[in-house]
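Let's take a friendly walk through this structure together. Have a look at the chains first, and then read on.

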Amino acid sequence: MSTNRTIVARETVTSDLKTIIQATIDILPLALATVPWGVLCGSLAINIGLSPLQAQLMSLLVFAGAVQLAALTIIGAVGSLSSMFSSTFVISSRHLLYSAVFREHVRQSSLGLRCSIAFFLTDEMFAVTCAYMEKHKIFSPIYALSSGVVFYLIWNISTFAGIIAGQHIPNIEHLGLEFAIAATFIAIVVPAIKNRSTLISVISSGLSAIVLSIFMKDYALITATFIGMLCGYLANDKESIDE
Amino acid sequence: MNNFWVALVGMTCITFSCRYFFFSKTVPFELGTKTKRLLSYTAPSVLTAMWVPIVFLGHQSADSDFITSPFLIAGLVTVVLSLKIKNTLVAVGLGMSIFGLLKVIF
């Protein structure tokens, strides 16, 4: 009896370990792609006058690249707290969608597990966990958590590297790290344009971002995002009518 | 920045709440299909609203002309590259090398 139990326990441990390894392999390329971005978050924070501790805490607590970069730009331009919070909310609002998708699988779990999965819920973790769910027809909390944790570690290590670099190399953004954000976002967005409505959403958001950042820099990001979302939504309506 | 700590706590709460919201047992409603569809455009829209000004207005901070701006040229090359190459890391790496090269030339 007790040997049986040991065998069962050992099998569970090995399968858990397999899941953790699989999660690590799946998230790693995505995590590495955000390294330049993490470095940028760290060095930019130092450049605009935050202390190393403050810079690291942003990655440790907020843990959202787009939010952090937008916030740093606003702090650098001495923008208001309200513009910072509103853009944080708009940029994060896509996570509401992710949380709604995982809801049925997570809702019955303990508070601790729900909080942990929520904390580590990023675009990349959502993407690989959905792919895993598609393949194995099951939501694995271990898979979700371990891919999230791996991503968190790499994000914070790259932020730390950026903090060190930012302290020793003044004006690090002249090395083209600012362009790294643009390149990363392009590489995420362009392959994701798979239908007409997404294309319309991207074009309208881009055009309004240019015009708005000339006239009302503080709220350009959120306004352009709203315009892009609305145009995509309306274009989709037309698509379904056309069909 | 004096308000830094307020900003940090505020941002932490906002990002966590968005991620946790539908895991909460006290939220009785589900997202409607229309809201889900609207939210599905958030990621492409917000990311584009961030990269487009860097690529098209980057020449202002770099004191270069619009046409010869490394931001513009390397940005457009990266768009083409990411259409051809499905590997994000390779596309970003190539785009950044081109940007670095152009900075040396101009």
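## Two domains in chain A

How many Å separate the centres of domain 1 of chain A and domain 2 of chain A, taken over C-alpha atoms? The answer is 26 Å. Domain 1 covers 2–176 and domain 2 covers 193–243, with bounds that come from an automatic or database domain assignment.

Where the two domains touch, domain 1 of chain A provides 8 residues and domain 2 of chain A provides 6 residues; two residues are in contact if their C-beta atoms, placed from the backbone, lie within 7 Å. On the domain 1 side, helix H5 (residues 81–92) of chain A gives the most, with 4 residues. Helices (H or I, at least four residues) are DSSP runs, numbered from the N terminus. That side of domain 1 has 3 nonpolar, 5 polar and no charged residues. Here Ala, Val, Leu, Ile, Met, Phe, Trp, Tyr, Cys and Pro count as nonpolar, Asp, Glu, Lys and Arg as charged, and the others, Gly among them, as polar.

## Where the chains meet

Between the chains, 70 residues of chain A are in contact with 59 residues of chain B. Helix H10 (residues 177–192) gives the most to chain A's side, with 15 residues. This side of chain A holds 47 nonpolar, 17 polar and 6 charged residues.

## Confidence and numbering

This is a predicted model: local features need pLDDT of at least 70, side-chain atom pairs count only at pLDDT 80 or more, and totals for chains, interfaces and linings use all residues. Residues are numbered from 1 along each chain as its sequence is written, while chains are lettered from A and ligands numbered from 1 in the order in which they are written.

Chain B averages a pLDDT (the predictor's confidence in each residue, from 0 to 100) of 87, and 96% of its residues score at least 70. For the complex, the predictor gives an ipTM of 0.86 and a pTM of 0.78.

Methods. Helix = DSSP H or I, 4+ residues; strand = E, 2+ residues; numbered from the N terminus.
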